[in-house]
Amino acid sequence: MSSSKTLRKLQVVSPVPADIDIANSVEPFHISEIAKELNLSSNHYDLYGKYKAKVLLSVLDELQGSGDGYYVVVGGITPTPLGEGKSTTTVGLCQALGAFLDKKVVTCLRQPSQGPTFGIKGGAAGGGYSQVIPMDEFNLHLTGDIHAITAANNLLAAAIDTRIFHEATQSDKGLLNRLCPPNKEGKRSFANIMFRRLKMLGISKNNPDDLTPEEVKKFVRLDINPDSITWRRVMDVNDRFLRKITIGQGPEEKGMVRETGFDISVASEIMAVLALTTSLSDMRERLGKMVIGNSKAGDPIIADDLGVGGALTVLMKDAIDPTLMQTLEGTPVLVHAGPFANIAHGNSSIVADKIALKLVGPGGFVVTEAGFGADIGTEKFMNIKCRYSGLTPQCAVIVATIRALKMHGGGPEVVAGKPLDHAYLSENVTLVEAGCVNLARHISNTKAYGVNVVVAVNMFSTDTEAELNAVRNAALTAGAFDAVVCTHHAHGGKGAVSEFLP
């Protein structure tokens with residue numbers, strides 16, 4: 001790839017400018033150029049403007065017989081309020097592999113939520129000279145996947161309350177008329193999805209008119225217990241005043257008031273489904289099986305009981321395709337799904353990783369990021385994502401910073417938006433060594449999965465050689481394959497290549 005037209009040599013500046021200024025200083029390549037480097041033809045993707053494209057799942061079918069590249073997962077030590085730079089390290093490592101080491105590489109990242117983006121945390125496109133561009137598009141609407149999840153989630157929420165309302169206000173016959181309306185000839189029929197519920201109820205009849213009054217009652221009444229409903233509305237903004245709300249207060253709702261609330265869109269189970277699905281048909285099955293609560297008899301109620309599994313899939317049909325973007329240095333990125341690790345499994349999608357592994361081929365590299373600390377994101381990557389996908393990583397990277405290790409060693413409190421204490425800006429090897437017990441535990445946890453661990457020390461300008469050596473020694477003692485000091489934030493991919501490192 002060294003002769004590639006899409007590799008860009010960065011002109012780095014010191015001190016490092018603001019992330020947005022760096023991102024805006026680079027004109028991205030047309031996304032068709034990035035696709036061409038991956039041997040994707042125009043029928044393999046749909047363009048979303050000049051710098052984004054949706055890669056179609058049909059690529060997987062075409063490349064089914066070809067070999068996979070090397071699979072690398074990037075996690076981090078226990079996070080602090082300021083972050084440790086997992087995304088930045090993931091991007092910097094890929095820029096090093098693609099732009100400096102002549103390797104085919106694809107970065108796989110989660111799509112960021114607008115909640116953290118508009119909060120103190122900020123975006124998730126990486127940072128400094130190791131970023132995904134265009135930064136603004138990456139961090140905001142991208143190709144609309146989170147909006148699709150929001151729409152699907154809220155459709156199901158509406159269906160739940162509407163069903164409760166109709167069951168409370170209609171007779172059994174009236175409900176049957178709504179569920180199985182007669183056609184022009186006056187004949188009724190079951191929708192295909194209804195046969196699953198009929199089978200579960202032990203009813204083997206194919207004609208709605210053949211149901212006995214008792215069977216009609218069993219079929220038409222889900223009898224949802226409002227107090228058991230776990231499905232809430234969502235929106236992709238941190239609006240704390242919607243966390244707990246009361247619905248059903250309109251005069252037309254006939255006193256059917258209940259308490260519910262809003263979550264952030266990426267906390268929806270539909271996001272977790274998107275990240276773990278392997279095909280459109282698999283996604284359809286998963287969406288239909290989502291449990292929304294229980295009946296008053298204690299039986300689980302699923303989306304397909306409400307008849308909306310197909311509708312949810314239609315809303316999600318484009319969201320299942322990962323989005324192709326690029327790094328500052330022109331290496332390819334697949335952005336897909338964004339479940340949080342504290343409420344789901346915190347990893348980007350299986351389909352993006354699978355497509356990437358085929359596109360880079362044997363000898364190439366796919367670097368995928370696992371959210372939060374390695375004890376959440378990397379372990380869920382191994383225990384959940386890899387079990388569903390059947391993929392096995394060859395290496396795990398654990399990102400650490402001197403600043404975070406000092407905090408874990410008992411340093412003063414770190415508060416986002418407030419100046420750092422002097423302890424984090426001056427040398428304190430003792431504090432670093434005390435915090436390395438955190439790093440050591442992450443190394444041993446990750447090695448338990450049978451993969452080699454490489455520690456990436458994301459270097460800051462205030463870090464000293466003695467502090468960096470303390471981390472390297474602690475990592476090797478804990479069983480890491482290697483521990484490497486990286487300066488990719490300040491130098492781009494060059495700062496993650498060993499021959500250029502301090």
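Q: Which domains does the domain assignment of the protein chain give?
A: This is a predicted model. Its chain is assigned domain 1 (23-143 + 319-496) and domain 2 (146-316). Domain 1 is written as two segments, 23-143 and 319-496.

Q: What separates the centres of domain 1 and domain 2?
A: Taken over C-alpha atoms, the centres of the two domains lie 37 Å apart. In domain 1, the residues that lose the most area to domain 2 are Ala 319, Ile 320 and Tyr 388, together 26% of what that side buries.

Q: How many residues of each domain are in contact with the other?
A: On the domain 1 side there are 26 such residues, and on the domain 2 side 20. Between them the domains bury about 1800 Å², with 68% of that area on carbon and sulfur atoms.

Q: How many salt bridges are counted between domain 1 and domain 2, and how many residue pairs are in polar contact across the interface?
A: The salt bridge count between the two domains is 0. Polar contacts are found for 7 residue pairs across the interface, with both residues at pLDDT 80 or more.

Q: Which residues line the largest cavity, and which domains do they come from?
A: The lining consists of Gln 111, Gln 114, Leu 140, His 141, Ile 146, His 147 and Asp 236. By class, 2 are nonpolar, 4 polar and 1 charged. Domain 1 and domain 2 each supply at least three residues of this lining.

Conventions. Residues are numbered from 1 along each chain as its sequence is written. This is a predicted model: local features need pLDDT of at least 70, side-chain atom pairs count only at pLDDT 80 or more; totals for chains, interfaces and linings use all residues. Side-chain values use heavy atoms; hydrogens and water are left out. On a 1 Å grid over the protein atoms alone, a cavity is a set of points where a 1.4 Å probe fits but cannot get out, and a pocket is an open set with protein on both sides within 12 Å along at least five of seven lines; lining residues have an atom within 4 Å of a point. Ala, Val, Leu, Ile, Met, Phe, Trp, Tyr, Cys and Pro count as nonpolar, Asp, Glu, Lys and Arg as charged, and the others, Gly among them, as polar. Domain bounds come from an automatic or database domain assignment. Contact means heavy atoms within 4.5 Å. Buried area is the accessible area (1.4 Å probe) that two parts lose on being put together, summed over both. A salt bridge is a side-chain nitrogen of Lys or Arg within 4 Å of a carboxyl oxygen of Asp or Glu. A polar contact is a pair of N or O atoms within 3.5 Å; within protein, one must be able to donate a hydrogen and the other to accept it, and residues adjacent in sequence count only if both atoms are side-chain atoms.
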